[in-house]
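Come along while I look things up one by one.

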Amino acid sequence: MAEGELSGVGWLVASNREMFDADAAFAALGEIDWSETRSAKIEIGDLVYLYTTAPTSALTHECAVIDRGIRFEDTIDDRAFWGNSSAFEERRDRTWMRLHLRHTFSTEERMLLSLPALIQHGLRSAPQSRMRIPEGLTALIRAVRTAAETLNDAAAENSPVDIDEVTEFYRAIRDGRFSVPDRYVQAKTRGSAQRAFAAAVKRNYGYRCALTGISSPEFLVASHIVPWSQDEEIRLDPSNGICLSTLVDRAFELGFISITPDGRVEVKHERFADDGALAATLMPFDGRSIQMPAKGAPKAEYLERRRELWQSKPLT
């Protein structure tokens, strides 16, 4: 199941933790089955947002419906996560839909998606069963859902982190494991991953900007070549990063400069035709090659993918 936007209907579905522990079930399984009702015609491709009732009283999970009409005997065995066995048995005669976890909202995100916030954005009262999501609430969820993903590299390096996560990401990079699946990205994960990624990239470049030679730590950023949002499989790969100064990083991010697969800088001068000072700063880099590190040099395929993005839809 792709992690992009789905075109189906959005639903709110009430979840009682005392009856079923969705947090634990999703952490262990990634996908769970949820009983269907006649009143709510939830279809494959729809999005389901689990609203965990009091004391949580907030949205906790974003899921995609990937199958429906499943017979009880064909459901995923998740009995270990049912706290109410009688409620489980009562659902034997129902059909079930399969929910694929897209995102677990963090503690901070759940605060932003708590019941008072939901009511402010169009919800009349706490969901009791399942209901279509109000339009105003969709906008709120989208804003919260994409916040971690839209952090640029410089902002992510200065965002809050989870020390245990940073340590785990250090180990992953050391072991050649570069994937950070979207389903595990919570509020602090983006910052934690960037912190570990930046340490590896900057070390490879001797803590100097690959283009300007600037070495002051406050002005250095580990810039992703293929952007974080584009490929979850290479988010931690040091070969998908270049150590750049803050200005060069921003120019690279916004498409004012590009880097060819062989490491040569191309400046898109038409982007700053009305800014003579910016032109005077960036144009001297046109045609210059970046300094390649002995370890973790940028992969040509990553640079080519970035150039394709730059050429097809320049960032603004």
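Before counting anything, I settled one term: a residue is buried when its relative accessible area is under 20%, exposed when over 50%, and partly exposed in between. I also noted that this is a predicted model.

**Entry 1: the whole chain.** With that cut-off, I found that buried residues make up 48% of the 316 residues in the protein chain. I looked up the secondary structure next, and the chain has eleven helices and ten strands. Along its principal axes, the C-alpha trace spans about 70 × 45 × 30 Å. I then turned to contacts with a separation of 6 or more: 74% of them join residues 24 or more positions apart.

**Entry 2: surface and charge.** I read off an accessible surface of about 15500 Å², and carbon and sulfur atoms hold 50% of that area. How many positive and negative side chains does the protein chain have? I noted 39 positive and 47 negative ones, with the centres of the two sets 1 Å apart.

**Entry 3: the cores.** Which residues have the most contacts inside the largest nonpolar core? They are Leu236, Ile242 and Val265, in a core of 40 residues. Helix α8, residues 189–204, gives the largest share of this core, with six residues. Apart from this core I found another one, of 24 residues, and Trp34, Ala40, Leu50 and Cys63 are among them. I went back to Leu236 to see its contacts, leaving out residues up to four places away in sequence. Its partners include Phe169, Ile173, Phe178 and Phe197, and Arg177 is also one of them.

**Entry 4: the loop between β3 and β4.** A reminder to myself first: most residues other than glycine have a negative phi, and most peptide bonds are trans. Pro55 sits in the loop between β3 (47–52) and β4 (58–70). The peptide bond leading from Ala54 to Pro55 is cis, and its omega is near 10 degrees. Ser57 is also placed in the loop between β3 and β4, and its phi is positive, near 50 degrees. Is Ser57 buried or exposed? Its relative accessible area is 19%, so I wrote it down as buried, given the cut-off of under 20%.

**Entry 5: another positive phi.** Tyr207 has a phi near 55 degrees, a positive value in a residue other than glycine. I located Tyr207 in the loop between α8 and β7 (220–224). Tyr207 has 44% relative accessibility, so I filed it as partly exposed.

Note on methods:
Residues are numbered from 1 along each chain as its sequence is written. This is a predicted model: local features need pLDDT of at least 70, side-chain atom pairs count only at pLDDT 80 or more; totals for chains, interfaces and linings use all residues. Side-chain values use heavy atoms; hydrogens and water are left out. A nonpolar core is a set of buried Ala, Val, Leu, Ile, Met, Phe, Trp, Tyr and Cys residues joined through side-chain atoms within 4.5 Å. Buried means under 20% relative accessible area, exposed over 50%, partly exposed in between (1.4 Å probe, protein chains only). Helices (H or I, at least four residues) and strands (E, at least two) are DSSP runs, numbered from the N terminus. Contact means heavy atoms within 4.5 Å. Accessible areas come from the Shrake-Rupley method with a 1.4 Å probe; for residues, only the protein chains shown count as cover. Lys and Arg count as positive and Asp and Glu as negative; His and the chain ends are not counted. The place of a charge is taken as NZ of Lys, CZ of Arg, CG of Asp or CD of Glu.
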